[in-house]
Amino acid sequence: MLTRKKAALLLLGGVLSGPVQSAEFDFSGIARGQWAVNTEDGSSQAFELALEPELVSRFDNGWKLTAIGRLRAETVDGLRPGDVNRDSYSQASQPGLVGQELEAELREFYLEGDLGEHYLTLGKQQVVWGKADGLKVLDVVNPQSFREFILEDFDNSRIPLWMVNVEHPLGNWDAQFIWIPDQTYHALPKRDATYAFSSPQRVPSAPPGVTVDVRDIERPQRFFADSDAGIRLSTFYKGWDITLNYLYQYSNFPVLFQRLVMSPTGPVAVIEPRYERTHVIGGTFSNAFGEWVVRGELGYFSDQFFLTDNASDADGIVESPELSYVLGFDWTGIEDTFLSAQLFQSRVTDSPTGLVRDELDTNLTFLARRDYHNDTLQAEVLWIVSMNHGDGLLRPKLVYEWQDNVKTWVGADIFYGDRDGLFGQFSDNDRIVIGVELGY
Amino acid sequence: MKTLTRHTRKGLITVLILAISPATNTLQAADWPTGDEIAQRINARDEGEAVSRNLTMEMIDRRGKKRVRETRGFRKYYGDEKRSVIFYQQPKNVKDTAFMTYDYPQADVDDDQWLYLPAMRKVRRISASDRGDYFLGTDFTYEDIKLESKVSIADYTRKTTGEDEVDGHHCYVVEALPVDDETAKELGYSRVEQCVDDAIWMVRRSRFWDTRGKLLKTIHTRGIRQVQGIWTQHHLEVENHKTSHRTVFTFSEVDYVKGVHDGVFTQKAIRRGL
């Protein structure tokens, strides 16, 4: 029987088998190492080595094939590739695992080119929507790995998906259609991993004396009926960059439905994770006014599921639409300096009973970045603060470009505040990071 | 007749020289084109409707350490509106970075600029008022990059101050002063002196003074030769006198004839790359 992966490869091969006579190949890659030390006890929190080879083939008919791999080794317990739940990946996208420490993954593999007025990108890829930095509203087409919470660069933590991506001009607009049969969702840390979620906003807590039985995630199985699909319309009008977005998807976080059963040994809280569908409707904008750039995005999620502490609720979950938006301002009034502030808000619109999280959730981000010595040295501080819980994350970082292909960095990730908060839950994980990256 | 003493004769000669010199200068100045005429001639020079070219950027610090970027660039005029884009191709850490500008003819309309950073996988809108900032680690400002071999009429008042020779070519020396303090602050220059080759109306050497009046940098243009009938600069060298950092731009595979597809100057094009 033909597997989906083989079918996709055959499809790519079919497109290539046309008028192609010859190809040019461009091989490059990145080698990266990073060491993180926990400032609480001085222990190593992470020691990671990664190799990311990239091969780009350009064919004489104008098409291009890109293949990006990643070989990643992490030796410190709690952040190893094996410390992440792998059942959120589809078979076609699941990285290979050697022991618990070594992961091999075909990160991206796509063929792109013109077909009449259409521009096709076929294969495993990342599609990034949205204008926000640091936190996400509409950048939900691809799921992400939370192995290191949100500390890893999004380009590395985003999980590429097998999809069909077609772009087509429509008058003054450009339309992008995506169809995603790849049923891969957020990769979440296992319960004892370093960045396992413990905040009651994300994880239900069992009453004392009740044991917890977490069942396997109920995954969508149907190739066509359970695929995601979306469209983005974008234009440039009188200085404004505008997009209108629609996505019909399974939310990337599983919903943790709960029920209490009696067993011979006592009460058991059974948690049955399941992915649920939602419509995402939204848009983005940006424009520049003198030294300022204003940008924003808005997303309406029709069917979101939240934890409730309402004792009479049958499954511990309530459903409501959610409206999220971000408004950002960038300022470049000082030479070589970039200052940015963003307001993120999300509102659970139906006011369900017993909602554990606040109906209105507000986060602010501040970024200050300055370049020195002809951009060879960059200093930045990112501060993300939750207005609801008063917790936050502070990330100072220095990056130095030694040579064209060698850069090093030193930084810190400092969590603080209420342990029930999304950031405060990792208050024990403060760390200092040093790293080096070599391009070849 | 009373004999003139040696001292008196010397004094008279000095007076005569002093009397004649301004007259000579005035005569010469009357023959010189004005600063504005020179600026107009520079900007009237044919640049071709569209151009494609490779650009190698070498950035050299005071210790001689060199960083090199290989890029491919395109520029096209749509009436008086100019669109340009640069795609970075090497080295790996900046590969696929792209920078695009829509430069509008109206002085009171800001340019539109976008930057694609592959690490973010997003096209980012950037402010066009940073024109005095240095362009991606080079010693050229965003404004220098935008103007290419042209000059800004609206930002400066000009006067021709003399004649000179650069690389064996006769030049008029034009002093340009920003029209006001705000413009000077935006551009980062309080004064610019340009040596303009009056045979082909190209700037062969520019000196820039910072807003405190100190000599900031010198741009030396070499390798000027015709490509497909259009005078083209192939080698630009800028030295920052404050930091001793240098940047060398070398253009190659310049082509004005092939034409440039309109689709190159779009956000989706800088996202997709070359």
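Here are some notes on this predicted model, point by point.

1. Chain B, overall. The fold of chain B comes out as five helices and 15 strands. Of its 274 residues, 54% are buried. If you take the contacts in chain B with a separation of 6 or more, 47% of them are between residues 24 or more positions apart. The chain exposes about 13400 Å², with 51% of that supplied by carbon and sulfur atoms.

2. The salt bridge between the chains. Over all chains, a search of the whole structure turns up 66 salt bridges. One to look at is Asp174(A) with Lys268(B), at 2.7 Å from N to O. This pair joins two chains, because Asp174(A) sits in strand E8 (residues 173–180) of chain A while Lys268(B) sits in helix H5 (residues 267–272) of chain B. How covered are the partners? Lys268(B) has 19% relative accessibility and so counts as buried; the cut-off for buried is under 20%. Asp174(A), with a relative accessible area of 24%, is partly exposed.

3. A bridge within chain A. Asp413(A) and Arg395(A) form a salt bridge too, and their closest N and O atoms are 2.7 Å apart. Asp413(A) belongs to strand E21 and Arg395(A) to strand E20 (residues 392–403), both of chain A, so the pair ties together parts that are 18 residues apart in sequence. Asp413(A) is buried, its relative accessible area being 4%.

4. A bridge within chain B. Have a look at Arg205(B) and Glu193(B) as well: their side chains meet in a salt bridge at 4.0 Å, N to O. The two are 12 residues apart, with Arg205(B) in strand E10 (residues 202–209) and Glu193(B) in strand E9 (residues 191–197) of chain B, and the pair links distant parts of the chain. Arg205(B) and Glu193(B) are both buried. With the distance at 4.0 Å, keep in mind that the salt-bridge cut-off is within 4 Å.

5. The network in chain B. Salt bridges also link up into a network, made of Asp103(B), Asp111(B), Arg131(B), Glu143(B), Lys146(B), Asp155(B) and Glu186(B).

6. The negative patch. Which residues gather in a patch of negative charge on the surface? They are Glu291(A), Asp180(B), Asp181(B) and Glu182(B). Glu182(B) is part of helix H4 (residues 181–187) of chain B, and with 57% relative accessibility it counts as exposed.

7. The nonpolar patch on chain A. Trp35(A), Phe47(A), Leu49(A), Leu398(A), Val410(A), Ile432(A) and Ile434(A) make a nonpolar surface patch of about 600 Å². At least two of the patch residues come from strand E2 (44–59) of chain A, and at least two from strand E22 (431–439) of chain A. Val410(A) is placed in strand E21 (residues 406–416) of chain A and counts as partly exposed, at 36% relative accessibility. Strand E21 of chain A is also where Asp413(A) from point 3 lies.

8. Around Leu233(A). Leu233(A) is in strand E10 (residues 228–237) of chain A; its relative accessibility is 25%, so it counts as partly exposed. Leaving out residues up to four places away in sequence, Leu233(A) touches Leu170(A), Trp173(A), Asp174(A), Ala175(A), Ile242(A), Thr243(A) and Leu244(A). Among these contacts is Asp174(A), the chain A partner of the salt bridge to Lys268(B).

9. Backbone spots to check. Where is the cis peptide bond? The one to inspect joins Gln90(B) and Pro91(B), with omega about -5°. Pro91(B) falls in the loop between strand E3 (81–90) and strand E4 (98–103) of chain B.

10. Positive phi. Asn374(A) is not a glycine, yet its phi is positive, about 55°. It is in the loop between strand E18 (360–372) and strand E19 (377–386) of chain A, and at 17% relative accessibility Asn374(A) counts as buried. Asp167(B), also not a glycine, has a positive phi of about 50°. Asp167(B) lies in the loop between strand E7 (156–166) and strand E8 (169–178) of chain B and is partly exposed, with a relative accessible area of 42%.

Notes
Residues are numbered from 1 along each chain as its sequence is written. Chains are lettered from A and ligands numbered from 1 in the order in which they are written. This is a predicted model: local features need pLDDT of at least 70, side-chain atom pairs count only at pLDDT 80 or more; totals for chains, interfaces and linings use all residues. Side-chain values use heavy atoms; hydrogens and water are left out. Patches are made of residues with over 30% relative accessible area and no salt bridge: like charges are joined within 9 Å, nonpolar side chains (Val, Leu, Ile, Met, Phe, Trp, Tyr) within 5 Å. Accessible areas come from the Shrake-Rupley method with a 1.4 Å probe; for residues, only the protein chains shown count as cover. Lys and Arg count as positive and Asp and Glu as negative; His and the chain ends are not counted. The place of a charge is taken as NZ of Lys, CZ of Arg, CG of Asp or CD of Glu. Helices (H or I, at least four residues) and strands (E, at least two) are DSSP runs, numbered from the N terminus. Buried means under 20% relative accessible area, exposed over 50%, partly exposed in between (1.4 Å probe, protein chains only). Contact means heavy atoms within 4.5 Å.
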